[in-house]
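Take a look at the model below.

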Amino acid sequence: MKPRSTLATWLGGLDGARLVRVLETRRDAAAAPAPRSVGELAERLQRPGSVALALPRLARPHLQVAEALAALRAPASRGALAELLEAADGEAARELDAVLEALADHALVWFDGTGKLRMAGALRHAWDAPLGLDAPLEELLTETTSDELRGMLAALEVKPPGTKSQRLAALVEHHGDPERVLSVVAKAPAATRKLLEDRAGRGLRGPRGSSCPGVRTPIPNPNRALDGHWTEGS
């Protein structure tokens with residue numbers, strides 16, 4: 001038997017009023033013939049065509065928070081998302097919760113049984129490079145051989161562990177330390193440093209040259225999202 005999806009589990013735990021809210025928001029998913037089970041409803045809600053119909057109904061803050069979550073590679077904790085958005089407390093935290101609530105009403109983002117945030121796959125793939133960031137290092141080095149990883153670690157003056165998985169973990173740990181990365185960049189040739197700095201600048205400004213949505217910027221009231229209070233580059 002196919003395991004129940006986290007969305008189906010979340011939907012099954014909603015009270016009647018909240019479930020009605022989701023169905024009213026995503027009417028196409030409940031259109032005739034009506035879904036025969038919560039699992040079928042969840043499957044319909046995650047279809048790319050259904051998600052595409054939902055996106056125009058989202059306000060800009062909703063899309064900005066969703067893009068930030070996509071950059072974190074859900075499942076991610078609310079705390080990690082809040083840290084990325086600098087919305088850990090106060091009014092910013094309340095506004096983040098309001099945006100997450102709205103995304104949940106659209107069945108686009110929800111909490112799984114472990115308290116982690118999940119999102120519809122079609123929504124996650126709406127951005128080729130969320131926040132202008134490339135894929136995680138583990139993905140970029142998937143095809144790298146063990147000997148190549150050993151050479152990378154040796155060049156970084158890190159003693160290579162014995163297995164490929166250990167070497168990859170050591171490399172990821174090294175590159176997860178900003179001070180170490182800055183030290184490596186500082187030793188690079190001038191042309192290489194400029195290339196890295198330019199790439200980092202594009203990443204911080206997002207894929208279209210505008211300021212990175214949601215990062216280091218307070219989240220506005222979602223009820224005011226498109227009335228001019230939230231502009232590109234603000």
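## The nonpolar cores

A nonpolar core is a set of buried Ala, Val, Leu, Ile, Met, Phe, Trp, Tyr and Cys residues joined through side-chain atoms within 4.5 Å. Buried means under 20% relative accessible area (1.4 Å probe, protein chains only). In this predicted model, the largest nonpolar core has 39 residues. Leu11, Leu81 and Leu123 touch the most other members. At least two residues each come from several elements, including α1 (6-12), α5 (60-71), α6 (78-85) and β2 (117-119). Helix α7 gives the largest share, 6 residues. Helices (H or I, at least four residues) and strands (E, at least two) are DSSP runs, numbered from the N terminus.

Leu81 touches Val65, Ala68, Leu69, Leu72, Leu96, Leu100 and Leu117, leaving out residues up to four places away in sequence. A second, separate core has 6 residues, among them Leu141 and Leu171.

## Two crossing helices

The axes of α2 (residues 16-25) and α7 (residues 90-105) come within 8 Å and cross at roughly 70 degrees. Axes are lines fitted to C-alpha atoms, for helices over the stretch in contact, and angles run from 0 to 180 degrees between N-to-C directions. The two helices, α2 and α7, are therefore roughly perpendicular (65 to 115 degrees). Arg18, Arg21, Val22 and Thr25 of α2 meet Glu101, Ala104 and Asp105 of α7, with contact meaning heavy atoms within 4.5 Å.

## Confidence and ground rules

Mean pLDDT (the predictor's confidence in each residue, from 0 to 100) is 79 for the protein chain. Strand β1 (residues 109-111) is highest at 95, and helix α13 (residues 190-205) is lowest at a mean of 61.

Residues are numbered from 1 along each chain as its sequence is written, and side-chain values use heavy atoms, without hydrogens and water. Local features need pLDDT of at least 70, side-chain atom pairs count only at pLDDT 80 or more, and totals for chains, interfaces and linings use all residues.

Definitions and conventions:
Parallel < 35°, antiparallel > 145°, perpendicular 65-115°, else oblique. Buried < 20%, exposed > 50% of the residue type's maximum accessible area, 1.4 Å probe, protein only.
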